[in-house]
Amino acid sequence: IELYSHVSVNDVAESEKMVDYLCAKGHRKIAMLVAQKDDISISNLRIKGYKRALAKNRIELDEELIIYTEPDVQDPYDMDNGYTLAKKLLASGKEFTAVFAISDRMAVGACRAFREAGIRIPEDVSVAGFDGLDIAHYFNPSLTTIRQPVEDMAEAAMRILFRLIDGEKEQEHCLFEGRLIEGESTKEVK
């Protein structure tokens with residue numbers, strides 16, 4: 001487990017990339033579905049990227065558009081939670097044109113909640129995820145996402161592990177760049 005904390009994508013930069021993309025599509029009211037408020041890892045880093053991109057694009061941060069997972073949820077990154085958070089967003093009455101979920105699985109769950117509410121994707125709301133899972137490609141509409149280079153990350157993790165075993169290194173940190181994959185779940189707004 002310690003090893004995996006040393007091999008990752010730059011969550012802040014990749015989230016910023018996604019929000020920049022949504023801003024370039026004309027979105028100014030971008031909601032974000034995230035883990036619990038006390039999360040100090042992935043969710044927190046992705047929120048930082050979201051906030052940085054909003055500031056860079058001169059969009060005032062609306063804290064009410066950040067929808068947090070309830071503290072008792074076991075897996076905040078799953079479809080059930082994405083569904084629940086999207087329902088919570090809809091119930092809030094806040095206006096939004098795009099949703100950025102911090103995982104593809106959350107984005108899929110959110111899409112289900114939107115469809116049940118009669119909201120079309122991407123005609124009425126754009127939805128984006130993060131991870132680049134296979135489901136993003138096969139989901140209908142295909143999800144716009146940040147694909148993590150998992151094969152490269154796994155290779156780097158193995159190299160680090162062998163160096164640690166051989167006593168060559170005590171610690172090493174590798175950051176990887178993700179790739180924005182444009183799916184059918186996002187569109188330009190006017």
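**Close-up 1. Pro122 in the loop between α4 and β5.** Pro122 lies in the loop that runs between helix α4 and strand β5, where helices (H or I, at least four residues) and strands (E, at least two) are DSSP runs numbered from the N terminus. The peptide bond that leads from Ile121 into Pro122 is cis, with omega near 5°. This is a predicted model, in which local features need pLDDT of at least 70 and side-chain atom pairs count only at pLDDT 80 or more, while totals for chains, interfaces and linings use all residues. Residues are numbered from 1 along each chain as its sequence is written, and side-chain values use heavy atoms, with hydrogens and water left out.

**Close-up 2. Pro141 in the loop between α5 and β6.** The loop between α5 (134-138) and β6 (145-147) holds Pro141, and the peptide bond from Asn140 to Pro141 is cis, with omega near 0°.

Close-up 3. Arg58, found in the loop between α2 and β3, has a positive phi of about 55° although it is not a glycine. Its relative accessibility is 75%, so Arg58 counts as exposed; here buried means under 20% relative accessible area, exposed over 50%, and partly exposed in between, with a 1.4 Å probe and protein chains only. Asp131, in the loop between β5 and α5, is a residue other than glycine with a positive phi, near 140°. Asp131 is buried, with a relative accessible area of 17%.

Close-up 4. The 14 residues of helix α3 (residues 79-92) should span 20 Å at 1.5 Å a residue, and the end C-alpha atoms are 20 Å apart, which agrees; the expected span is 1.5 Å times one less than the number of residues. The buried residues of α3 are Asn81, Gly82, Leu85, Ala86 and Leu89. Seen down the axis of α3, these buried residues fall within an arc of 135°, so they line one face of the helix, the arc being that of the directions from the helix axis to the C-beta atoms. On the other side of α3, Asp80 and Ala91 are exposed. The cover over the buried residues of α3 includes β2 (30-33), β3 (66-67), β4 (98-101) and α4 (104-116). At the N-terminal end, Asp78 caps α3 through a side-chain oxygen that lies 3.3 Å from the backbone nitrogen of Asp80, and α3 is followed by Gly93, whose phi is positive, near 80°.

**Close-up 5. Ile30 and the largest nonpolar core.** Among the 46 residues of the largest nonpolar core, Ile30, Phe100 and Phe114 touch the most other members; such a core is a set of buried Ala, Val, Leu, Ile, Met, Phe, Trp, Tyr and Cys residues joined through side-chain atoms within 4.5 Å. Helix α4 gives the most to this core, with 7 residues. Leaving aside neighbours within four places in sequence, Ile30 is in contact (heavy atoms within 4.5 Å) with Val19, Leu22, Cys23, Tyr50, Leu54, Leu65, Ala98 and Phe100.

**Close-up 6. Ser15 in helix α1.** Ser15 lies in helix α1 and, at 0% relative accessibility, counts as buried. Not counting residues up to four places away in sequence, Ser15 touches Arg46, Gly49, Tyr50, Phe100 and Phe130.

Note on methods
Polar contact = N/O pair within 3.5 Å; in protein donor to acceptor, adjacent residues only side chain to side chain.
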